[in-house]
Amino acid sequence: MGLTTLTGSNSFALKAELDRRVSKFVKEYTDMGLEKLDGEEAEYDRLREALESLPFLASRKLVVLRAPSANKVFIEQAEKLLTELPETTDLIVYEPKLDKRSGYYKLLKKVTQYQEFNELDENTLVKWLVDEAKQAGGSLNTNDARYLIERLGTDQQLLVNELQKLLTYEPNITRQQIDLLTEPTPQSTIFQLLDAAFAGQQKRMMELYKEQRAARVEPQQIIAMLAWQLHVLALVKTAGDKSEADVAREARLNPFVVRKSRGITNRLSLAALKDLIHHLAQLDKDLKTKSIDADDAVQAYLLSLSSG
């Protein structure tokens, strides 16, 4: 196994790879040789001792360091520690967030097996879902996989949990089963609400709003989700002609979210988007400082989007 760095924004894939490697090690050498430390909690001397000490009651040792970059002294001593490991010690450096301008990042790239796991784009995410269903003995076609993502969002842990539920109900998944057994995530619904508003589909927009209220999502929560979606739209709009992959990487968004957002931003000028953000901020302030009906105020704001 040697020295390995696991990093990237895809927390699901990161954890899956870490679990796979740890499980493989434990199966061969037992958990007597496994040591896990958190760089945000452990003192430097404890980190150093774990790396320098020989395995006890096992022929090999695996040390898993989670975010050791949080320890300033570790960063200063990293080159010596990583290049002088005992031959019987394997190391996994688990660093979800790395500053690629740092010498520490360059060191990890140089002396470890460096693996970066980033968010999947839409097509890759669809293929992943289809493959997951197949490996579990079921089936899910690409169109329905795409529909499931639009309904639930891009969180792979949520998607795999819901996929398992669908497969338990019926191995051959259909859109009807997806509608029956899954609930749209609030963020996905709010995006659909905005999309309907900007397309002038007032009836659909109000249906989606009423669905959120029926699910006991308060107007203030809807405002917060609208603010996030407008923030994303602003990031995508100001990115200009950059590719979806570049925008996603720089803004730390899923490429799927960028692609969907561009469908809306193509209909909006930057000035209009700024006005929408300003008016939403004013609405939020009014709800906190004035005695007005929150439902009426939010619905009036939404109607202004669809008629603008």
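Author: Let's start with Thr-154, which sits in the loop that links helix H6 (142–152) to helix H7 (156–169); helices here are DSSP runs of H or I with at least four residues, strands are E runs of at least two, and both are numbered from the N terminus. This is a predicted model, where local features need pLDDT of at least 70, side-chain atom pairs count only at pLDDT 80 or more, and totals for chains, interfaces and linings use all residues. Residues are numbered from 1 along each chain as its sequence is written, and side-chain values use heavy atoms, with hydrogens and water left out.

Is Thr-154 buried or exposed? Thr-154 is buried, because its relative accessible area is 18% (buried means under 20%, exposed over 50%, partly exposed in between, with a 1.4 Å probe and protein chains only). Not counting residues up to four places away in sequence, Thr-154 touches Leu-125, Ile-149, Leu-159, Asn-254 and Phe-256 (contact means heavy atoms within 4.5 Å).

Now for the sheet. Five strands form an open sheet in the order E2-E3-E4-E1-E5, with parallel pairing (two strands pair if DSSP finds at least two bridges between them). Strand E2 (34–38) and strand E5 (113–116) are at the edges with a single partner strand each, so one side of each has no neighbour in the sheet. Strand E3 (residues 61–66) pairs with strand E4 (residues 89–95) in the parallel sense over six bridges. Across from Arg-66 stands Tyr-94 in E4.
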